[in-house]
Amino acid sequence: MHAKSAASYIVVGIDGSDTSLAAAKWAMRFADKLALPLRLVHSSPAPGPMPEVALDPAELAERHRVYRTELLAMAESALRDWAPGVTMTSIADTEAPAAGLLRAAEDAALIVLGATGAGMVERWLLGSTALRVVGSARCPVAVWRGDSAHIGPDDRPIVVGADGSPPSAGATRLAFEWAQLFSVPVTAVRVWSDGTAVGDAVPTAMQLLGPTAMVIDWELIARSEAETLSTIIAPYRKDFPDVDVEERSRRGSAARELLHALDEAQLAIVGSKGWGRFRGALMGSTSQNLLHRADRPIVVYRDADT
């Protein structure tokens, strides 16, 4: 992982749920491997006036302060034996959750959040906190989902979306760095559409050839697209010669093909932008699709320039 500074650390959001605790355990494994400290962060404002409760605002604020402190202490206690060599600190903030997490992560190497909900409907309702953090962070953000009995990381591949865009380049390098760290393979996925592939192959074909241009050699185009992926991946093969790589060049939907690859993998890493038609959006449609639909960790690569 690219170290942002000598003081880099990993931030994990704690909200008292089993999912956030599982995400913290997953983050501990990365902190241990990367020799980075871990910051446990809980941020929530004190509740407003409550007419039905006979407490003044100062008393309510103090009770909420105690609640935040106890919540973090319980999390720290539960995590202490998970990776004894990792240094942990706890931060309780009174900002809204996303704002508090982003402030705590100003110099972070990674932010880890647990996604709420285990069912298909709940997966489509990814919380506003996670979406805001992913959309505004200045470092990679992992949204953890999975089986709390099998936290990971494990020996399955890491999937990465490799489309050649700058955000994708950062995601690809991160995938290879983590694959080398955990001695696992990389599955590099690049998806192409009919219109893009044909347009790239014969941009003036209709003017030059007329209707005969519609006779398309799809096998030739598929080979050309596969070669493009190989060209994208070549520098990473050179830099990480011990990492095994499977290249998947596919025609169709980026989200669908990445989810398909994820069936056999432990996590996926994607760039924050660059896959969908609306490249100027805060977060690409593929990233959002994966965050809502995947049943295992998704890492959205971000840095100070994305």
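Let's start with a charge over a ring. The charged end of R39 sits over the ring of Y9, and the distance to the ring centre is 3.7 Å. Keep in mind that this is a predicted model. There is another case of this kind. K25 lies over the face of W82, 4.9 Å from the ring centre.

Now ring against ring. Two values describe a pair of aromatic rings: the distance of the centres and the angle of the planes. How many aromatic pairs are there? The count comes to five.

Take F30 and W178. Their ring centres are 4.5 Å apart and their planes stand at 50°. Where do the two residues sit? F30 is in helix α1, residues 18–34. W178 is in helix α6, residues 166–182. Buried or exposed? Both F30 and W178 are buried.

Next, F176 and Y236. This aromatic pair is stacked, with 5.5 Å from centre to centre and 25° between the planes. It also links distant parts of the chain. F176 belongs to helix α6, and Y236 to helix α9, residues 218–239. The separation is 60 residues.

Why do we call these two buried? The cut-off is under 20% relative accessible area. F176 has 0% relative accessibility, so F176 counts as buried. Y236 has a relative accessible area of 10%, so Y236 is buried as well.

Last, back to F30 and W178. Together with W26 and F182, they form one aromatic cluster.

How values were computed:
Residues numbered from 1 in each chain as written. Predicted model: local features only at pLDDT ≥ 70, side-chain atom pairs only at ≥ 80, totals over all residues. Heavy atoms only, no water. Phe/Tyr/Trp six-rings, centres within 6.5 Å; stacked < 30°, edge-to-face > 60°. Helix = DSSP H or I, 4+ residues; strand = E, 2+ residues; numbered from the N terminus. Buried < 20%, exposed > 50% of the residue type's maximum accessible area, 1.4 Å probe, protein only. Lys NZ or Arg CZ within 6 Å of the ring centre and 35° of its normal.
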